Amino acid sequence: MAYVADLHIHSRFSRACSSQLNIPNLAKWSQFKGIDLMGTGDCLHPLWQTELKSVLKDVGDGTYLYGGTKFILTTEVACIYSEGGSVHRIHILIFLPSLDSTFKLSEVLTKKGINLVSDGRPIMGMSTKALCEIVFSVEPKALIIPAHIWTPWFSLFGSESGYDKFSDCFGDFSDQIYGIETGLSSEPAMNWRVSQLDQKSILSFSDAHSLPRLGREVTIFGGQPSFLDLSKDLKLKNIIGTIEFFPEEGKYHYSGHRNCNVVYSPEELKQKGEVCPVCKKRLTVGVMARVEDLATRTNEQLEIINDSGVIKSKAYPKRAGFRMLVQLEEILAESLNSSVSSQKVKDLYQRLVTTLDPELKILTKTKIELIAMSAGEKIAEGVKRVREGKLTIEPGYDNTYGKVKIFNEEEESKKQEQISLF
Ligand SMILES: [Zn+2]
Ligand SMILES: [Zn+2]
Ligand SMILES: [Zn+2]
């Protein structure tokens, strides 16, 4: 049985996260989205732990139930430390098999002086290696995954704070780290180019800070939604596929300076250099340029194929394929000429995901004619174009999301002209 998982999310106890992030809402929205296994997020935060304990039902296989939604205990932590003269800031995901193990780990970390109260994504004043040592000694079954591994400021391979080598980051624990999270600004094919990652499962999750963002990236695992099966799937790379943002939409795809209005593609960066022509400081080097730095293979060597929207490598056929999608609310907003936060879009979204199909199914599988019947021709056309990758994206850079356009302006003005004839 395959299942859809979103294992990097946050609760309302993480900084800059929505106050709506409680378990009943997470369960409700996971049904809207079509997610079978949710991470709880923030499982080391004492108030969130109390809530989890009181509302979730222990299934006994490392998962916990609320309504029809299964959860596993997850958290993200930030390791901030200096090593060999440079400062590293690395975000790490930890998955734990029981509430008891979250309490035990909290106790050990608190005794070491770590503040778990002020942020659901706590800061660890220790190296990733020291963190692995503690986590695995408290809970040998724990799973550790480096988060959004290419983001410049907070990740394993980040241009500003990371490492060039996986093994320099994790040392003796490298082989016990079974997967990596691609983050929004990279997709699996970019990661297939880096041979250091050949033995790792390539994972995608939403890193949602609010309910509508859940499931914007997910991983479809091959086994059962239990903790033991999840570990096996990670170890054996038993992954059916991932659903991705178009990486250009991510906040750090290109390089540049937002305030100076400077954006460079990797080629431009190579030509013009890393110094900002406006403020003369170093540019924030984006994910694409960083992948180029660490890549051991070219795109051509991967022999990428597009099999009705599923992207695969002909040269590395064992790698799980992926689809790139745009969130349904964005498609609705553009089709209705409205904003994602408008009531019109919200109401239509709710109606579609409760009466037609969950969002991920609408985006990938629901018959276009059925979408047209419930939502109108234009929205159906929008979904079709997203499935076919027929859209334009202004790439994101320096902490700014890329801008997606599904319908182009020429078409729009032609339509307006036709309408004005009547
Ligand atoms: Zn993070
Ligand atoms: Zn996060
Ligand atoms: Zn600048």
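Predicted model: local features only at pLDDT ≥ 70, side-chain atom pairs only at ≥ 80, totals over all residues.

**Helix H3**

I began with the buried side of H3, where I find Ser101, Thr102, Leu105, Ser106 and Leu109. Looking down the helix axis, I see these buried residues fall within an arc of 140°, so they line one face of H3.

What do the buried residues of H3 pack against? I get helix H2 (46-55), strand E5 (69-83), E6 and helix H4 (128-138).

I also checked the length of H3. It covers residues 99-111, and at 1.5 Å a residue those 13 residues should span 18 Å; I get 19 Å between the end C-alpha atoms, which agrees.

**The core**

Next I looked up the largest nonpolar core, which has 114 residues. Ile92, Ile94, Phe95 and Ile144 have the most contacts inside it. Strand E6 (residues 86-96) gives the most to this core, 6 residues in all. Why does the core lie between domain 1 (3-249) and domain 2 (328-390)? Both domains give residues to it, so that is where it lies.

**Domains**

I have the chain divided into domain 1 (3-249) and domain 2 (328-390). On the side of domain 1 that touches domain 2, the largest share is 3 residues from helix H1 (residues 23-33). For the contact as a whole I count 8 residues of domain 1 against 6 residues of domain 2. The C-alpha centres of the two domains are 29 Å apart.

**Whole chain**

I stepped back for the overall numbers. The chain has 16 helices and 19 strands. Its radius of gyration is 22 Å, close to the 22 Å from the globule rule for 422 residues, so I can call it as compact as a globular protein of that length. The C-alpha trace spans about 75 × 55 × 40 Å along its principal axes. Buried residues come to 49% of the 422. Of the contacts between residues at least 6 apart in sequence, 65% join residues at least 24 apart.

**Arginine 213**

I went to arginine 213 in the loop between strand E10 (201-203) and strand E11 (218-221). Is it buried, exposed or partly exposed? I find 19 other C-beta atoms within 10 Å of Arg213, which makes it partly exposed, as buried takes 20 or more. Beyond its neighbours within four places in sequence, Arg213 is in contact with Ser206 and Ala208. I also took its distance to cysteine 132: 81 residues in sequence, and 29 Å in space from C-alpha to C-alpha.

**Positive phi outside glycine**

I noted asparagine 261, a residue other than glycine with a positive phi, near 60°. Asn261 is in the loop between strand E13 (255-257) and strand E14 (262-264), and it is exposed, with 8 other C-beta atoms within 10 Å.

Glutamate 303 went on the list too, with its positive phi near 50°. I place Glu303 in the loop between helix H10 (299-302) and strand E15 (304-307). It is exposed, with 12 other C-beta atoms within 10 Å.

Methods. Residues numbered from 1 in each chain as written. Chains lettered and ligands numbered in written order. Core = buried A, V, L, I, M, F, W, Y, C linked by C-beta atoms within 7 Å. Helix = DSSP H or I, 4+ residues; strand = E, 2+ residues; numbered from the N terminus. Domains from an automatic or database assignment. Rg over C-alpha atoms; globule rule 2.2 N^0.38 Å. Contact = placed C-beta atoms within 7 Å. Expected span 1.5 Å × (residues − 1). Arc of directions from axis to C-beta.
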